Amino acid sequence: MNFEEILAFATRSPFNQILSLALVALTVAIVYTEIARLFRGYKALRPPELTHLVNSENALVVDLSASNDFEKGHIAGSRNVLPSSFGPEHKLLAGAKSQPVVLVCRTGQTAGGAAKRLKKAGFEKVYVLDGGVAAWQQADLPLVKGR
């Protein structure tokens with residue numbers, strides 16, 4: 001199949017035009033998403049990778065959940081910081097610029113923005129738990145209740 005045959009298919013009917021446009025749009029969206037992921041500055045971890053990072057490099061795990069959600073269940077050893085008071089200058093992060101810092105939230109949506117702020121402030125090893133605490137639970141890993 002050559003380019004002329006593809007072009008002939010795409011222009012044959014309105015339905016083929018719609019299909020061709022949809023294919024192009026999806027391809028562009030996938031390429032954009034992958035390029036953005038490469039340049040975001042932090043890495044997403046799965047639960048087993050987080051466990052390994054904590055055990056091997058003594059990573060600092062910061063949970064950005066609301067206080068009541070944190071008390072209902074959090075990853076052992078994680079420290080709770082509210083998103084409203086979180087920032088590179090937070091006392092918990094003082095002296096942790098070269099230490100691995102893993103940001104965790106309930107679903108993995110909030111932590112990305114916080115990770116970008118840390119990378120911009122010069123933190124060297126910034127990670128986000130992909131899927132958040134929900135992914136941790138889905139992997140059948142334990143949560144600690146209370147403070």
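**Entry 1. Leu 118 and the cores**

I began with Leu 118. Leaving aside neighbours within four places in sequence, I find Leu 118 in contact (heavy atoms within 4.5 Å) with Phe 86, Pro 88, Leu 93, Val 101, Leu 103, Phe 123 and Val 126.

For the record, this is a predicted model, where local features need pLDDT of at least 70, side-chain atom pairs count only at pLDDT 80 or more, and totals for chains, interfaces and linings use all residues. Residues are numbered from 1 along each chain as its sequence is written, and side-chain values use heavy atoms, with hydrogens and water left out.

Next I looked up the largest nonpolar core. I take a core as a set of buried Ala, Val, Leu, Ile, Met, Phe, Trp, Tyr and Cys residues joined through side-chain atoms within 4.5 Å. Buried means under 20% relative accessible area, exposed over 50%, and partly exposed in between, with a 1.4 Å probe and protein chains only. The largest core has 19 residues, and Val 62, Phe 86, Leu 93, Val 101, Leu 103 and Leu 118 touch the most other members. At least two residues of this core come from each of strand S2 (60-63), strand S4 (101-104), helix H5 (111-120) and strand S5 (126-129). H5 gives the most, with four residues. Helices (H or I, at least four residues) and strands (E, at least two) are DSSP runs, numbered from the N terminus. A separate core of twelve residues includes Leu 50, Val 61, Ile 75 and Val 133.

**Entry 2. Helix faces**

Which residues of H5 are buried? I list Ala 111, Gly 112, Ala 114, Ala 115 and Leu 118. They sit on the same side of H5, because they cover an arc of only 160° around the axis. The arc is that of the directions from the helix axis to the C-beta atoms. These buried residues pack against S4 and S5.

I then turned to helix H3 (47-57). Its buried residues are Pro 47, Leu 50 and Leu 53. They fall within an arc of 120° seen down the axis, so they line one face of H3. Pro 48, His 52 and Asn 55 are exposed on the other side. The cover over the buried residues of H3 includes strand S1 (43-45), S2, S4, S5 and H6.

**Entry 3. Positive phi**

Asn 58 is not a glycine, yet its phi is positive, about 55°. I place Asn 58 in the loop between H3 and S2. Asn 58 is exposed, at 56% relative accessible area.

Asp 140 is also not a glycine, with a positive phi of about 60°. I find Asp 140 in the segment after helix H6 (132-138). Asp 140 counts as exposed at 71% relative accessibility. Gly 122, which follows H5, has a positive phi near 100°.

**Entry 4. The largest pocket**

I noted about 150 Å³ of space in the largest pocket. Its lining is Arg 40, Tyr 42, Ala 44, Thr 107, Gly 108, Gln 109, Gly 112, Val 128, Leu 129, Asp 130 and Gly 131. On a 1 Å grid over the protein atoms alone, a pocket is an open set of points where a 1.4 Å probe fits, with protein on both sides within 12 Å along at least five of seven lines; lining residues have an atom within 4 Å of a point. The volume is the space filled by probe spheres set on the points. I sorted the lining into four nonpolar, five polar (Gly counts here) and two charged residues.
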